[in-house]
Amino acid sequence: MRLLHRASPWRTLFAADPLPDPTRLPPLLAPLRDALKELGPAPGLADAHAWQPRLVEALMRLDLPAWRISQLISDHNAWLYRRAIQLAQNEMQGQGWGEPPVAYCVIVMGSGARQESLLGPDQDNGMIIADYPDSRHGEIDGYFQALGERFTERLDQAGIPLCSGHVMARWPMWRKRLSEWGEQLALWTADRRVKRVQQANILLDFQTVHGEADLAEALADQVARLMPRAGLFLDEMGALLDEQPVALDRFGRLSGSVEGAPHERAVNLKHQAVLPLVAATRLLSLRHGVREVGTRERLAALVVVGALGAETCRGLTAALERLQALLLEEQCHGLKAGRAADGWVDLSRLGEDQRLLLRHDLQQIRAFKRRAKRA
């Protein structure tokens, strides 16, 4: 649950508030340099978000792998979050609200936290606030409610929609003191109620984007203590894997859900490939006390603790990378055709070798789901 890892120079692109200076990039990075020149040094939030497909196009021209591009999309979204929060704080200070009354951090959840973002996500965020006396609740929570409303509204206006499930810091459910988050987790993990498991599943992939990262670390410590002992809760999480089938029929042929499909050859590889892999990896990681958040990192850590073989880890990691590549390519194609970026992939656009490899990857994911459920 730590702040974004910067081991690769690529991860420094959006680490600071000023955008990279294109004049300092070498000729070898000309596609990225040109894209940054088009954006300009001080874009508004909406322009910066609308530029994201152009960023992806430049990174593809540089032959970056899809998993790395997903990381950089996540980093760029985190930059947008930080900018929206700072603008909201500045506005509040100008209106007499003053500085934040206690320490806090804003967290993102889901694919952004796992560093696996694709194009077109909505908002999934929350807030962890340092503990304070109940007598000050009206004053302190009033400040953070206003901050949550303002930064999420800014992101919505910029093109990152408000979450339809209300998973945002503007709502009390996702804006709590650190001790309250601990109590909430203890309640959610005490038994195997479906709704509680679903809510916890949202929270359990989280990452700091702004504020005091130590608060998120403290919450991660509580997760690490609670989860390996929450047998009934984890059993229900395993049962819920059945609600995320992969896009194969009982004969192992490619066959996705027809609900919401734009045409008969479309398969939703986000919901029927990536998310089942993510969910199974999360479950196995929680059972074995793995603290990493990203799916790639979780799979590697499961090898280290002896819960997964190295060959299986390599196969699943490669499957995730190929799925991300298919989805990003299809999203870029769809945007150019005037469609929204979503999780649907047109099988008729895949070559026979790609379809065979996709079947192989989905079979691996289905077998891994069964294994995670039995563990």
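How are helix 11 and helix 12 oriented to each other?

I opened the predicted model, where local features need pLDDT of at least 70, side-chain atom pairs count only at pLDDT 80 or more, and totals for chains, interfaces and linings use all residues. Residues are numbered from 1 along each chain as its sequence is written, and side-chain values use heavy atoms, without hydrogens and water.

**Entry: helices 11 and 12.** I looked up helix 11 (residues 270–287) and helix 12 (residues 295–304); they pack at about 40°, with axes 10 Å apart. I noted them as oblique to each other (angles under 35 degrees are roughly parallel, over 145 roughly antiparallel, 65 to 115 roughly perpendicular, the rest oblique). Helix 11 contributes Leu277, Val278, Thr281, Arg282, Leu284 and Ser285 to the contact, and helix 12 contributes Thr295, Arg298, Leu299 and Leu302 (contact means heavy atoms within 4.5 Å). I sorted these by class: five nonpolar, three polar and two charged residues.

**Entry: Tyr81.** I found Tyr81 in helix 4 (residues 66–94) (helices are DSSP runs of H or I, at least four residues, numbered from the N terminus). Tyr81 counts as buried, because its relative accessibility is 5% (buried is under 20% relative accessible area, exposed over 50%, partly exposed in between, with a 1.4 Å probe and protein chains only). Beyond neighbours within four places in sequence, Tyr81 touches Val108, Gln123, Asp124, Asn125, Phe151, Leu155 and Val209. Gln123 is 42 residues from Tyr81 along the chain, and their C-alpha atoms are 9.9 Å apart.

**Entry: helix 1.** In helix 1 (residues 30–39) I listed Ala30, Pro31, Leu32, Ala35, Leu36 and Leu39 as buried. The buried residues of helix 1 pack against helix 2 (45–50) and helix 3 (52–61).

How values were computed. Helix = DSSP H or I, 4+ residues; strand = E, 2+ residues; numbered from the N terminus. Axes fitted to C-alpha atoms, helices over the stretch in contact; angles between N-to-C directions. Nonpolar A, V, L, I, M, F, W, Y, C, P; charged D, E, K, R; others polar.
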